[in-house]
Amino acid sequence: MAEDGRPASAADSAYVTLRGDILSGDLPADERLTELGLAERLGLSRTPVREAIKRLLIEGFLTRATGEGLRVTALQPDEVEQIFRIRLMLESYGARRAAEFATETEIAELFRLAEEISARSQARSDADYDAMTEANAAFHRTIMQAARSPRLGSMLSLAVNLGLVLRTYRMYSPQDMTRQARHHHDIAEAIAARDPEWAEAAMSHHVLAAAAIARARGAKACDLPV
């Protein structure tokens, strides 16, 4: 099945397989790839593979350089630091606004998603990682929605690299997972309390902790971009 519940198409299957190969390291960072080579690897025609490549480019898993074709994205430490610093500024401000403008329905959804993240916090299977990642993404999307600032949401969508988020999750220890899950409850509680400063501080703490994990684990995983 596709992520939205539809029957999986060839393009969906190609996307899931290629994303999994990148995350597992079967397609290592900086590996040079071609559309034809990937189609042969998957035993598919080039059309669904082309669609999968488009998604992977948008999400930051692949990079296309002029004259060099496709490569598995390898983020340098300074790029990772920049991404987290931008997230720190934008998401902290978004949480501050959400504490002022969130509806009761949005607050209830934040608590529901925080519970789901906690339930998946000891994820070990690919399905668990995917479910936790989607719940986390929905949590942050809900905050941006509650912030009532389309401009802020647009800026954040350009800054967030899904490949970085997924790779960072897979570096988490069980203790990291538990701590990061607890942060979502703290953020939800701050927004529910209508306390902008608390919400801003809770989100800042959450993003800074994620950055520290990516920084520390990335130094030990030279073949896996953080």
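Predicted model: local features only at pLDDT ≥ 70, side-chain atom pairs only at ≥ 80, totals over all residues.

Biologist: Why is I83 called buried?

Modeller: Buried means under 20% relative accessible area, exposed over 50%, and partly exposed in between (1.4 Å probe, protein chains only). I83 has 13%, so it counts as buried. The C-alpha atoms of I83 and A159 are separated by 6.2 Å, although these residues are 76 places apart along the chain.

Biologist: What makes α5 and α6 roughly antiparallel?

Modeller: Angles run from 0 to 180 degrees between N-to-C directions of axes fitted to C-alpha atoms, for helices over the stretch in contact. Under 35 degrees counts as roughly parallel, over 145 as roughly antiparallel, 65 to 115 as roughly perpendicular and the rest as oblique. Helix α5 (residues 104-119) and helix α6 (residues 126-146) cross at roughly 160 degrees, their axes coming within 9 Å. The pair is therefore roughly antiparallel.

Biologist: Which residues of α5 and α6 meet?

Modeller: With contact meaning heavy atoms within 4.5 Å, α5 brings residues including E106, L110, L113 and I117, and α6 brings A135, F139, T142 and I143 among them. The contact of α5 with α6 divides into 11 nonpolar, 3 polar and 3 charged residues. In that count, Ala, Val, Leu, Ile, Met, Phe, Trp, Tyr, Cys and Pro are nonpolar, Asp, Glu, Lys and Arg charged, and the others, Gly among them, polar.

Biologist: What makes α5 and α9 roughly antiparallel?

Modeller: Their angle is about 170 degrees, with the axes 8 Å apart, so α5 and α9 are roughly antiparallel too. Among the residues making this contact are F111 and A114 of α5, with H184 and A188 of α9. By class, the contact of α5 with α9 has 9 nonpolar, 3 polar and 2 charged residues.

Biologist: Which residues touch the most other members of the largest nonpolar core?

Modeller: Such a core is a set of buried Ala, Val, Leu, Ile, Met, Phe, Trp, Tyr and Cys residues joined through side-chain atoms within 4.5 Å. The largest has 42 residues, and F84, F139, I143, I187 and I191 touch the most other members. At least two core residues come from each of α4 (77-101), α5, α6, α7, α9 and α10. Another core, of 17 residues, lies apart from it, with L38, V49, A52 and F61 among its members.

Biologist: How do you know that H206 counts as buried?

Modeller: H206, in helix α10, has 5% relative accessibility, so it falls within the buried class. Leaving aside neighbours within four places in sequence, H206 is in contact with N136, H140, Q180, H183, H184 and I187.

Biologist: And why is R148 called partly exposed?

Modeller: R148 has 38% relative accessibility, so it counts as partly exposed. R148 lies in the loop between α6 and α7 (150-159), with a positive phi of about 55 degrees although it is not a glycine.

Biologist: What makes R194 partly exposed?

Modeller: Its relative accessibility is 32%, so R194 counts as partly exposed. R194 is found in the loop between α9 (174-192) and α10 (196-218), and has a positive phi of about 60 degrees although it is not a glycine.

Definitions and conventions: Residues numbered from 1 in each chain as written. Heavy atoms only, no water. Helix = DSSP H or I, 4+ residues; strand = E, 2+ residues; numbered from the N terminus.
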